[in-house]
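Please have the structure open as you read.

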Amino acid sequence: MDSAVSDATAVDTAVDTPAAAIPVQPGPAGEPDPAGEPDPAGGPDPEDGAQDWQLDHSRAPIATKIVVAGGFGVGKTTFVRAVSEITPLQTEALMTRASEETDDLTATPDKLTTTVAMDFGRITLDNDLVLYVFGTPGQQRFWFMWDDLVRGAIGAIVLADTRRLTDCFPALDYFESCGLPYVVAVNHFEGTERFEPEDVREALTITAEVPVVIMDARKRYSVVETLLAMVEHALSTTPE
């Protein structure tokens with residue numbers, strides 16, 4: 001009889017044990033445990049600055065591709081470097097005497113390197129909009145790469161230097177011929193005369209539908225505004 005009473009008492013004690021005293025098994029990495037606490041072992045933490053789409057597994061980021069083109073030494077590498085949230089991929093090589101006859105350094109005498117393949121960077125805009133930015137090489141001998149670089153792009157940014165506007169004509173002709181939406185971004189260099197967008201439009205003889213912006217490729221906020229103008233123009237041109 002005493003044994004039966006002891007067994008019954010043990011059962012009652014187990015049933016009345018508070019739930020808080022029972023250890024909770026953690027859920028899969030990145031998921032909250034049954035007690036509602038986030039798993040510190042994995043998954044983004046809102047306090048660490050994670051984006052909304054990173055916390056909601058039912059959403060996926062919209063990845064888009066934008067190409068940055070223009071003449072030699074106009075600031076394409078600087079553009080990508082200024083805005084990229086990751087360490088940008090750069091394929092710059094030192095300039096040698098062999099390129100003296102083909103690369104005009106009159107406007108950029110301090111330039112020591114040149115892009116021989118492409119520049120690549122990434123920036124996240126508007127929570128779940130991710131832009132992959134590809135900078136094209138500016139010299140004519142590398143133009144054969146443009147067909148591959150623009151494949152899948154939603155639009156392009158043509159950088160222009162008002163001291164040598166003719167250098168951006170090949171890029172304008174290329175995007176016009178392939179039907180890719182583009183904007184013209186005038187990279188304003190220090191010590192040069194500042195022109196209004198409409199003056200640049202008239203000099204380049206581009207239509208009123210093509211946005212023209214004045215920007216500084218060294219400043220992140222200026223580059224972001226240019227990218228937003230490109231996305232807006234691409235959506236208005238090809239909303240599907």
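**A helix and the core around it**

In helix α7, the buried residues are Ser222, Val223, Val224, Thr226, Leu227, Ala229, Met230, Val231, His233 and Ala234. Here buried means under 20% relative accessible area, exposed over 50%, and partly exposed in between, using a 1.4 Å probe and protein chains only. Helices (H or I, at least four residues) and strands (E, at least two) are DSSP runs, numbered from the N terminus.

Before going on, a word on the basis: this is a predicted model, where local features need pLDDT of at least 70 and side-chain atom pairs count only at pLDDT 80 or more, while totals for chains, interfaces and linings use all residues. Residues are numbered from 1 along each chain as its sequence is written, and side-chain values use heavy atoms, leaving out hydrogens and water.

Helix α7 covers residues 220-237, 18 residues in total. Its first and last C-alpha atoms lie 26 Å apart, close to the 26 Å expected at 1.5 Å a residue; the expected span is 1.5 Å times one less than the number of residues.

Now look at the largest nonpolar core, which has 24 residues. Such a core is a set of buried Ala, Val, Leu, Ile, Met, Phe, Trp, Tyr and Cys residues joined through side-chain atoms within 4.5 Å. Phe79, Leu131, Ile157, Leu159 and Leu227 touch the most other members. At least two residues each come from β1 (62-70), α3 (76-83), β3 (113-125), β4, β5 (155-160), β6 and α7, and α7 gives the largest share, six residues. A second, separate core of 23 residues includes Ala69, Val158, Ala160 and Leu172.

Val133 is buried, with a relative accessible area of 1%. Gly121 lies twelve residues from Val133 in sequence and 5.2 Å away, C-alpha to C-alpha.

Thr64 sits in strand β1 and is buried too, at 13% relative accessible area. Beyond four places in sequence, Thr64 touches Leu129, Val130, Leu131, Tyr132 and Ile154.

Finally, turn to strands β6 (residues 182-187) and β7 (residues 212-215), which run parallel and are joined by four bridges; strands pair if DSSP finds at least two bridges between them. Val186 stands opposite Ile214 in β7.

Note on methods. Contact = heavy atoms within 4.5 Å.
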